[in-house]
Amino acid sequence: MTSAMEPLNVTVVIGSNRHGRFGPVVADWILEHVERREDLAAEVVDVAGIELPTSFARTEEATAALADVSPKLARADAFIVLTPEYNHSFPAGLKNLIDWHYAEWRAKPVALISYGGLAGGLRAAEHLRQVFAELHAVTVRDTVSFHNAGASFDDSGRLKDPSAPDAAAKTMLDQLEWWGTALREAKERRPYGS
């Protein structure tokens, strides 16, 4: 049984594996916010470093990749998923990671951070809400979205104007902590079943 005072284990999922991707910049930004909080402890899963086939064949390579990533997802109390928007949705590599797992997502909260051009990745975030609902996960209401993300950060990876994104991150992380604690306590009293 975990203590209510024990920090939530939050797995930050970097959802892009494209060459020249912007995801690590956004990940560094949100990890700074998580690390400043005593109620959250972060771990990172980066789809760019995971070799999972799209055939769902249990090859030796897939088994090795799952041996590394599945425990990180399983021990998470909550998730922060970072997604760009590709063709009005989220990346195939992220969907593949999600689809290789089921129980790891169940009855856990998911916070969404999106980034992109004019739409800021919001269409990708909305599609992810549907996917996570099917997996019995709870997406928190408030998100963080970076419109014209490349122009929002300077060359060193720092936000040019952090006031609005920092406020949005605080709201989102507060909601994630509430849901994560509530669901962790509920599952300790009664295992989740569907």
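Is Asn 148 buried, partly exposed or exposed? At 40% relative accessibility, Asn 148 counts as partly exposed (buried is under 20% relative accessible area, exposed over 50%, partly exposed in between, with a 1.4 Å probe and protein chains only).

Before moving on, some ground rules. This is a predicted model, where local features need pLDDT of at least 70 and side-chain atom pairs count only at pLDDT 80 or more, while totals for chains, interfaces and linings use all residues. Residues are numbered from 1 along each chain as its sequence is written, and side-chain values use heavy atoms, leaving out hydrogens and water.

**Stop 1: two positive phi values**

Stay on Asn 148. You'll find Asn 148 in the loop between strand 6 (144–147) and helix 5 (149–152); helices (H or I, at least four residues) and strands (E, at least two) are DSSP runs, numbered from the N terminus. Phi of Asn 148 is near 50 degrees, a positive value in a residue other than glycine.

Now select Phe 56, in the loop between strand 2 and helix 2. Here phi is near 60 degrees, again positive in a residue that is not glycine. Phe 56 is partly exposed, at 39% relative accessible area.

**Stop 2: Glu 61**

Step into helix 2 and pick Glu 61. This one is exposed, with a relative accessible area of 56%.

**Stop 3: helix 3 and what surrounds it**

Select helix 3 (residues 92–99), whose buried residues are Gly 93, Leu 94, Asn 96, Leu 97 and Ile 98. Those buried residues pack against strand 1 (8–14), strand 2 (40–46), helix 2 (60–74), strand 3 (78–84) and helix 4 (122–134).

Bring up helix 4 alongside. Helix 3 and helix 4 pack at an angle of about 10 degrees, with axes 12 Å apart (axes are lines fitted to C-alpha atoms, for helices over the stretch in contact, and angles run from 0 to 180 degrees between N-to-C directions). The pair is therefore roughly parallel; angles under 35 degrees count as roughly parallel, over 145 as roughly antiparallel, 65 to 115 as roughly perpendicular and the rest as oblique. Show Leu 94, Lys 95 and Ile 98 of helix 3 with Leu 128, Val 131 and Phe 132 of helix 4 to see the contact (heavy atoms within 4.5 Å).

**Stop 4: the cores**

Where do you click in the largest nonpolar core? Of its 28 residues, Val 81, Leu 97 and Phe 132 touch the most other members. A nonpolar core here is a set of buried Ala, Val, Leu, Ile, Met, Phe, Trp, Tyr and Cys residues joined through side-chain atoms within 4.5 Å. Helix 2, strand 3, helix 3, strand 4 (109–116) and helix 4 each give two or more residues to this core. Apart from it lies another core, of 27 residues, including Val 12, Ile 30, Ala 111 and Phe 153.

**Stop 5: helix 1 against helix 6**

Finish with helix 1 (residues 23–35) and helix 6 (residues 163–189), which pack at about 55 degrees with their axes 11 Å apart. That angle makes helix 1 oblique to helix 6. On the helix 1 side, the contact residues are Trp 29, Ile 30, His 33 and Val 34; on the helix 6 side, Pro 165, Asp 166, Ala 169, Met 172 and Leu 173.
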